[in-house]
Amino acid sequence: MFQDPEATRLLAISPHLDDAVLSIGGGLAQAAQDGAKVTVYTVFAGTAPPPYSPVAERMHAVWGLSPDDDAPLYRRKEDVAALDHLGVSYRHGRFLDSIYRTLPDGRWLAGHAEGGRKLSVSEHAPDGDPDLVAEIKDDIKAMIDECASTLVVTCAAIGGHPDHEAARDAALLAAREKNIPIRLWEDLPYAVFRPASVELPQGFHLGSPDFSSVATEMRTRKFQAVECYVSQLAMLDGNDVSMFDRLDEHARKTSPHGGYGETTWPVICKEDDS
């Protein structure tokens with residue numbers, strides 16, 4: 001993925017505080033060690049004032065936090081520790097996670113879904129939020145300028161989470177306007193449980209997948225960084241198999257040669273699509 005790491009200034013657009021590390025943490029750590037300048041910008045890292053939605057209160061409890069705790073602040077501190085462990089820089093965005101957002105009519109965007117700790121998006125929510133995407137795009141363009149980025153990477157939005165889709169679409173638009181190449185990573189652990197089906201906005205197309213092997217040292221560093229997200233570990237582990245075992249198994253199935261690695265796709269932009 002990085003042909004000339006020492007000349008690369010990589011900007012990773014992470015929807016949430018852990019997505020980049022879970023999905024491409026080994027590659028980010030390797031790039032930084034090889035001399036690339038790596039910054040992870042997390043879009044939905046803003047602090048939401050109370051009152052909280054029922055699903056947000058429930059998630060705070062799952063994360064082991066009290067109702068009085070500032071959950072996004074707590075999670076930002078986890079993120080700083082994780083990214084420091086990978087040896088990369090960080091920036092935290094101002095936008096609110098979907099569990100804190102409301103619809104135009106005041107109803108909460110996210111609610112409970114059947115099956116453990118899953119979330120559902122309200123049936124009254126529109127398909128996409130162009131105003132939100134436009135705001136995120138402007139902030140990403142500012143980050144591209146600040147970091148003098150030569151490459152942007154972000155999620156493919158496997159699994160259809162609205163925050164992932166908004167971050168991805170904004171990053172695609174920002175990279176195209178800045179004429180900078182962009183790649184999409186395979187959303188983990190979502191892709192472990194769902195087919196890797198990706199539908200991009202009009203004018204953008206996926207290239208061929210690229211499986212990048214990750215050295216044992218970088219795999220270990222990635223997993224250690226994931227462990228910094230203490231509040232999220234209970235959600236990530238399954239009932240019978242640890243999340244790390246699932247990631248290892250998924251990588252072995254994906255790898256052409258065995259061993260651990262991470263998948264990304266280049267994005268091809270076609271402005272004249274109709």
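Me: How many aromatic pairs does a search of the whole structure find?
Reply: The search finds four aromatic pairs, where rings of Phe, Tyr and Trp (its six-membered ring) pair if their centres lie within 6.5 Å, and planes under 30 degrees apart count as stacked, over 60 as edge-to-face and the rest as tilted. Keep in mind that this is a predicted model, in which local features need pLDDT of at least 70 and side-chain atom pairs count only at pLDDT 80 or more, while totals for chains, interfaces and linings use all residues. Residues are numbered from 1 along each chain as its sequence is written, and side-chain values use heavy atoms, with hydrogens and water left out.

Me: What about the rings of Phe44 and Phe95, why is that pair edge-to-face?
Reply: Their centres are 6.5 Å apart and their planes stand at 65 degrees, so the pair counts as edge-to-face. Phe44 sits in the loop between strand S2 (37-42) and helix H2 (54-62), and Phe95 in the loop between S3 and S4, so the pair ties together parts that are 51 residues apart in sequence; helices (H or I, at least four residues) and strands (E, at least two) are DSSP runs, numbered from the N terminus.

Me: Are Phe44 and Phe95 buried or exposed?
Reply: Both Phe44 and Phe95 are buried, where buried means under 20% relative accessible area, exposed over 50%, and partly exposed in between (1.4 Å probe, protein chains only).

Me: And how are the rings of Phe223 and Phe244 arranged?
Reply: That pair is tilted, because the ring centres are 4.7 Å apart and the planes are at 40 degrees. Phe223 belongs to helix H7 (residues 216-226) and Phe244 to helix H9, 21 residues apart, and the pair links distant parts of the chain. Phe223 counts as buried at 8% relative accessibility, and Phe244 counts as buried at 16%.

Me: Which residues form one aromatic cluster?
Reply: Phe223, Phe244 and Tyr260 form one such cluster.

Me: Switching to charges, how many salt bridges are there?
Reply: The count comes to 15 salt bridges, each being a side-chain nitrogen of Lys or Arg within 4 Å of a carboxyl oxygen of Asp or Glu. One of them joins Glu135 to Arg94, with the closest N and O atoms 3.5 Å apart. This pair links distant parts of the chain, since Glu135 is in helix H4 (residues 130-147) and Arg94 is in the loop between strand S3 (89-92) and strand S4 (110-112), 41 residues apart.

Me: Where do Glu249 and Lys253 lie?
Reply: Both lie in helix H9 (residues 243-254), four residues apart, which is about one turn of the helix. Glu249 is partly exposed, with a relative accessible area of 36%, whereas Lys253 is exposed, with 66%.

Me: What about Arg168 and Asp169, buried or exposed?
Reply: Arg168 is buried, and so is Asp169; the two form a salt bridge with the closest N and O atoms 2.9 Å apart.

Me: Last topic, how many residues has the largest nonpolar core?
Reply: The largest nonpolar core has 66 residues, and those with the most contacts inside it are Leu28, Ile136 and Ile140. A nonpolar core here is a set of buried Ala, Val, Leu, Ile, Met, Phe, Trp, Tyr and Cys residues joined through side-chain atoms within 4.5 Å. Helix H1 (residues 19-33) gives the most to this core, with eight residues.
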